[in-house]
Amino acid sequence: MVRKVIEASEAVALGVKLSRPAVIPMYPITPQTHIVERLAEYINDGELDTKMLHVESEHSAMSAAVGAQATGVRSFTATASQGLALMNEILFIASGMRLPITMAVANRALAAPINIWNDHSDSFSVRDAGWIQYYVESAQEALDTAIQAFMVAEDHSVLLPAMVCLDGFTLTHVYEPVDIPSQEEVDKVLKPYKAVHAFLDPDNPITQGAIGFPNAFMDLKKDQHDALLNAKNVIKESNWIFAEKFGRGYGDGLVEPYMMEDAEYAVVALGSVCGTIRVVVDELRKKGKKVGMLKIRVFRPFPEEQIVEHTKGLKGLGIIDKEVSFGQEGTVYSEIRSALYDKDLTINGFIAGLGGRDITPDHIRKVFDSLDAEKRTEWLF
Amino acid sequence: MKKEMPTGGVIVDPGSTVRNKTGDWRTFKPVWDKEKCKQCMICWQFCPDDSIPLDENGKRVETDLDFCKGCGICAKECPFGAIKMVREEK
């Protein structure tokens, strides 16, 4: 293990390099480009034995990842925003064919108006694509999660693709000290990929991606749904393995509580804004206020049980959404209200940080100050 | 009752489409007039479902109605009017 100050994009690239995928289809898009640039450098420098494919679009990148993974090898790609939108139809094919592809998403707003900065509208627009969705807070977590995503996706009880979402610029382009495990250490926790149902073997021919008639389609979808729920245990397990081997864990793997034990008021959020919330929680705690934060690390599968457990005894809960379901409200807010529908708890939603708008400690203080009265959704400009 | 399914809908026994009798989809069926047929093989070339079988001498025989979807291309292409599409009686 070595410790270096690196960009979070490089941390993802290192996590991927240590996971040794066989094929990486690449198409650049801001703010993701540094991830595939680093991977291309590792390949060029002979540090990574991987087939790099230059493709002509993100639709092709995901199609190539599906094709590669269907031959029975590990594949990875990365994208953001409009790129993820262009991949849309193939995302559903990857999960439906149960291909455990791993992808980094450098979260960026969706146009129009065109905007290259961070929010969660891109990955939330594919919430229902059947992929595992991790949201990471730091460069270290980005590296660790890149490796864990392969561990979880490829588990035989899961066999589903996984997205590692990291905030564009506010995390991708930030330099932080990162512990980088050695190849030997990673080889102990991540075994080589061995395809069990989807492979290319001329002596044992199979058909993948065949038509699913009405007498089969629904049964296959139930299996897919159950597999995504199975991922909860494997996510916890891989987080525990990392805690044991490397001394780093992120809550139980699905959610990470901060100062929640005796908290009366708490804020729920995903991704890099959790760092800002921690600072405000510390500051308010010093003033004697019983406040905490619950970070959702995995949004799909949705950690409903953990949310119910950690919010017990709270008086007020605020949910920060960096996206909005137009015509309704923030998506995390909707889902948490649904999880807590029978609890006597004031829950308010806050739309913040769209298109790279700063979320400042003042915003977070304002959220903590407005958790007593029910007011549903507020926009933090 | 939910059925047991292979992961990802993978089909492990190749050639399984022969069990899927697509002839059920037909509304009109081709009726072949042996007397008018000159064995020019144009229908055989055009059939998108490979449903016009050949005998050991390479001559066409009766349409394979297990797989013919009744598209009517053979009737349209036949230069001798030897194939007519008639409504399927079921």
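**Reading the sheets, helices and loops**

Guide: Let us begin with one pair of strands: S5(A) and strand S7 (residues 162–167) of chain A run parallel and are joined by 6 bridges. Within this pairing, Met103(A) stands opposite Met163(A) in S7(A). Please keep in mind throughout that this is a predicted model.

Visitor: How should I read the packing of one helix on another, for instance H1(A) with H6(A)?

Guide: Look at the angle, the distance between the axes and the handedness of the crossing. H1(A) and helix H6 (residues 139–153) of chain A pack at an angle of about 30°, with their axes 8 Å apart. Because angles under 35 degrees count as roughly parallel, H1(A) is described as roughly parallel to H6(A). The crossing in which H1(A) passes H6(A) is right-handed. Among the residues that meet here are Ala8(A), Ala11(A) and Val12(A) in H1(A), and Ala139(A), Leu143(A) and Phe150(A) in H6(A).

Visitor: At what angle do H1(A) and H2(A) pack?

Guide: H1(A) and H2(A) pack at an angle of about 45°, with their axes 8 Å apart. That angle makes H1(A) oblique to H2(A). H1(A) passes H2(A) in a right-handed crossing. The contact involves residues including Ser9(A), Ala13(A) and Lys17(A) of H1(A), together with His34(A), Leu39(A) and Tyr42(A) of H2(A).

Visitor: Which residues of H2(A) are buried?

Guide: Burial is read from how many neighbours surround a residue. In H2(A), the buried residues include His34(A), Ile35(A), Val36(A), Arg38(A) and Leu39(A). The cover over the buried residues of H2(A) includes strand S1 (2–7), helix H1 (8–19), strand S2 (23–26), strand S4 (76–79) and strand S5 (102–107) of chain A. As for its length, helix H2 (residues 33–44) of chain A has 12 residues and reaches 16 Å from its first C-alpha to its last, close to the 16 Å expected at 1.5 Å a residue. After H2(A) comes Gly46(A), whose phi is positive, near 75°.

Visitor: What should I look for in the backbone of the loops?

Guide: Most residues other than glycine have a negative phi, and most peptide bonds are trans, so the exceptions deserve a look. Phi of Arg20(A), a residue other than glycine, is positive and near 50°, and Arg20(A) lies in the loop between H1 and S2 of chain A. Arg98(A) is not a glycine either, yet has a positive phi of about 60°; Arg98(A) is placed in the loop between helix H4 (81–96) and S5 of chain A.

Visitor: Is Arg98(A) buried or exposed, and what of Arg20(A)?

Guide: Arg98(A) has 26 other C-beta atoms within 10 Å and is buried, whereas Arg20(A) has 18 within 10 Å and is partly exposed. The cut-off behind this reading is that a residue counts as buried with 20 or more.

Visitor: Where are cis peptide bonds found?

Guide: One joins Thr30(A) and Pro31(A), with omega about 0°, and Pro31(A) is in the loop between S2 and H2 of chain A. Another runs from Ala112(A) to Pro113(A), with omega near -5°, and Pro113(A) is in the loop between S5 and helix H5 (121–124) of chain A.

Visitor: How many strands form the open sheet that begins with S9?

Guide: That sheet has 6 strands of chain A, in the order S9-S11-S10-S13-S14-S15, with mixed pairing. Its edge strands are strand S9 (255–258) and strand S15 (377–380) of chain A.

Methods
Residues are numbered from 1 along each chain as its sequence is written. Chains are lettered from A and ligands numbered from 1 in the order in which they are written. This is a predicted model: local features need pLDDT of at least 70, side-chain atom pairs count only at pLDDT 80 or more; totals for chains, interfaces and linings use all residues. Two strands pair if DSSP finds at least two bridges between them. Helices (H or I, at least four residues) and strands (E, at least two) are DSSP runs, numbered from the N terminus. The expected span of a helix is 1.5 Å times one less than its number of residues. A residue is buried if 20 or more other C-beta atoms lie within 10 Å of its own, exposed if 12 or fewer, and partly exposed in between; C-beta atoms are placed from the backbone. Two residues are in contact if their C-beta atoms, placed from the backbone, lie within 7 Å. Axes are lines fitted to C-alpha atoms, for helices over the stretch in contact, and angles run from 0 to 180 degrees between N-to-C directions. Angles under 35 degrees count as roughly parallel, over 145 as roughly antiparallel, 65 to 115 as roughly perpendicular and the rest as oblique. A crossing is left-handed if the near helix is turned anticlockwise from the far one by less than a right angle, and right-handed if clockwise.
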